[in-house]
Structures are given as structure tokens and as C-alpha cells.
Amino acid sequence: VQLQASGGGSVEAGGSLRLSCKASGRTFSIATTGWFRQAPGKEREFVAAIARRTGNIYSADSAKGRFTISRDNVKNIVSLELNNLKPEDTAVYFCAATGRTYYSGNYYYTRDTYDYWGQGTQVTVSS
């Protein structure tokens, strides 16, 4: 499985961006796709994830109310819409995928759950 993230850019606070994660290869093996972000000098942190078959969504508290994750299984794209962006949202955003399914959604918040990673796309929010 290969993942290609795109859609990053520079916006002012309050602006919006739409990130896309395009999967290729053995896409039928993907169970859940997630987004993480990493700000300079900080750990990579979970943002949101969505299950391919059920559409179940898992979101970090920082994402709830501002970020929306969605999927298009035909195009093999998972999108992350970022609204009302703040300077603290500045980071490199990575998409990731796992072929495993867990009964507990808590696993999807963890980096180690994911087997495949995209290259990242930069989001910069100015005040």
C-alpha cells in the first residue's frame, strides 16, 4: 500500500484547507486510515481516523468541531477538512493506514497501530 498526502498550504488564522490521502496498491487490505500531525519539536500526534467499511470515525479532542474526516472508497481517498485553523495547527500532516481491525477504537489513536505512512503535507497557519 502506498499513500500520497496532498492539499497542505499556508493560510491565515480562521482559514480552511482540505487535505487528501490517496491510496494505491493493495487498497482492499486497508481497514482504517488516519491522520496524524507533527509540529516542530513535538511528538507526532493523532488527529482523526475513519474505518473503510463502516465509516466509523475516531477524533482527537483538538479536532472535534473544526476538522472533518471523510472517505471515498471508490477513489481510495480519505480527506481531512480543516476549518477555523489556528496557528497551533501548524504542522506536517501525515496520513497512515492499517489493515487490522480492532474492537476497541482506542488503538486507532496510536502511531504503532498503523503499517503504512504517507510522506506528509505541510500546513502553516499565520496569526
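**Reading a disulfide, a sheet and a buried threonine**

Cys21 and Cys95 are joined in a disulfide, with 2.2 Å between their sulfur atoms.

Student: What should I know about the model before reading it?

Tutor: The model is predicted; local features need pLDDT of at least 70, side-chain atom pairs count only at pLDDT 80 or more, and totals for chains, interfaces and linings use all residues. Residues are numbered from 1 along each chain as its sequence is written, and side-chain values use heavy atoms, leaving out hydrogens and water.

Student: How many disulfides are there by the rule?

Tutor: A disulfide is a pair of cysteine sulfur atoms within 2.5 Å. By this rule the count is 1 disulfide. The link of Cys21 and Cys95 is right-handed, with 70 degrees about the S-S bond. Cys21 belongs to strand 3 and Cys95 to strand 9 (residues 91-98), so the link ties together parts that are 74 residues apart in sequence.

Student: Is Cys21 buried or exposed?

Tutor: Buried means under 20% relative accessible area, exposed over 50%, and partly exposed in between (1.4 Å probe, protein chains only). Cys21 has 2% relative accessibility and therefore counts as buried. Cys95 is buried as well, with a relative accessible area of 0%.

Student: In which order do the strands of the open sheet lie?

Tutor: Strands are DSSP runs (E, at least two residues), numbered from the N terminus. Two strands pair if DSSP finds at least two bridges between them. Here 4 strands form an open sheet in the order 1-3-8-7, with antiparallel pairing. Strand 1 (2-6) and strand 7 (67-72) stand at the edges, each with a single partner strand, so one side of each has no neighbour in the sheet.

Student: Which residues stand opposite each other?

Tutor: Strand 3 (residues 17-24) and strand 8 (residues 77-82) pair over 6 bridges, and Ser20 stands opposite Ser79 in strand 8. Strand 1 is joined to strand 3 by 5 bridges; Gln4 has Lys22 in strand 3 as its bridge partner. The covered face of strand 1 holds Leu3 and Ala5, whereas Gln2, Gln4 and Ser6 are on the uncovered one.

Student: What does the side chain of Thr121 reach?

Tutor: A polar contact is a pair of N or O atoms within 3.5 Å; within protein, one must be able to donate a hydrogen and the other to accept it, and residues adjacent in sequence count only if both atoms are side-chain atoms. The side chain of Thr121 reaches the backbone nitrogen of Gly8 at 3.0 Å. Thr121 lies in strand 11 (residues 121-126) and counts as buried at 9% relative accessibility.
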